[in-house]
Amino acid sequence: MKTAARVLSLLAERGETLAVAESLTGGLVAAELTSVPGASKSFRGSVTAYATTLKRDVLGVDGTLLAERGAVDPEVARQMAAGVRQALGAGWGIATTGVAGPEPQDGQPVGTVYLAVAGPGGAGKVAELRLNGDRAEIRRESVRSVLELLSGELHENARTQDTEQNGGT
């Protein structure tokens, strides 16, 4: 089963929802998710915030952070995921930001990508990738990787809930 189908199935089983904030992937994560039949049970929607001002104005990313570090930054990815989660009323938010090329951006080389997951109760994670390949390959790998990151967090969150419900620590 593809990762998109796996995460959507798990979210549906748990009655949870997902929202996506995309920059370098330009809607590819949302397209991958909506290619799965029944995605509407869990997928709320996405924001393709390609422009830095949209990251600030729509997703709530700190303007000072963007001015100082640029859009290709781990904290920007974290704030994008949290912002889309809040903006679209979802239990989980994921985000992609980075440099697909052909030129470096914000002092970051081509292939620098930051992915983030924000979940209920503060659950979340940021990952940094250094990818090789052309623009299309970097974007494809970013989609695959952010869905894998979400899958890992969903499984970790499920283990934590199970432990709490069974009185473990």
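Predicted model: local features only at pLDDT ≥ 70, side-chain atom pairs only at ≥ 80, totals over all residues.
Colleague: How do you know whether the radius of gyration of the protein chain agrees with that of a compact globule?
Modeller: A compact globule with 169 residues would have a radius of gyration near 15 Å, and the protein chain has 15 Å, so the two agree. Along the principal axes, the C-alpha atoms fill a box of roughly 50 × 35 × 25 Å.

Colleague: What share of the residues counts as buried, and what supplies the exposed area?
Modeller: Of the 169 residues, 47% count as buried. The protein chain exposes about 8,000 Å², and 47% of that area comes from carbon and sulfur atoms.

Colleague: Why is E16 called buried?
Modeller: Its relative accessibility is 15%, and buried means under 20%, so E16 counts as buried. E16 is in the loop between α1 (3-14) and β1 (18-22).

Colleague: What makes the pair E16 and R14 a polar contact?
Modeller: Their side chains are joined at 3.2 Å, and the cut-off for such a pair of N or O atoms is within 3.5 Å. Beyond four places in sequence, E16 touches L11, S42, W92, P120 and L154.

Colleague: S42 is one of those residues. Is S42 buried or exposed, and how do you know?
Modeller: The relative accessible area of S42 is 2%, against a limit of under 20% for buried, so S42 is buried. S42 is in the loop between α2 (28-34) and β2 (43-48). Leaving aside neighbours within four places in sequence, S42 is in contact with L8, L11, A12, E16, T17 and L18.

Colleague: Is D73 buried or exposed, and why?
Modeller: D73 has 7% relative accessibility; buried means under 20%, so D73 counts as buried. D73 is in the loop between α4 (63-69) and α5 (74-87).

Colleague: Which polar contact does the side chain of D73 make with another side chain?
Modeller: It makes one with the side chain of R69, at 3.2 Å, which is within the 3.5 Å cut-off. A polar atom of the D73 side chain also lies 2.9 Å from the backbone nitrogen of E75. Apart from neighbours within four places in sequence, D73 is in contact with L65, T97 and Y114.

Colleague: Why is D106 called partly exposed?
Modeller: The relative accessible area of D106 is 40%. Buried is under 20% and exposed is over 50%, with partly exposed in between, so D106 is partly exposed. D106 is in the loop between β3 and β4, and has a positive phi of about 50° although it is not a glycine.

Colleague: What kind of peptide bond joins G101 and P102, and what is omega?
Modeller: The bond is cis, with omega about 15°. P102 is in the loop between β3 (92-98) and β4 (112-118).

Colleague: How many positive and negative charges are there, and how far apart are their mean positions?
Modeller: There are 17 positive and 20 negative charges, and their mean positions are 4 Å apart.

Notes: Residues numbered from 1 in each chain as written. Heavy atoms only, no water. Helix = DSSP H or I, 4+ residues; strand = E, 2+ residues; numbered from the N terminus. Buried < 20%, exposed > 50% of the residue type's maximum accessible area, 1.4 Å probe, protein only. Polar contact = N/O pair within 3.5 Å; in protein donor to acceptor, adjacent residues only side chain to side chain. Contact = heavy atoms within 4.5 Å. Rg over C-alpha atoms; globule rule 2.2 N^0.38 Å. Areas by Shrake-Rupley, 256 points an atom, 1.4 Å probe, with all protein chains shown as cover. Lys, Arg positive; Asp, Glu negative; His and termini not counted. Charge placed at Lys NZ, Arg CZ, Asp CG, Glu CD.
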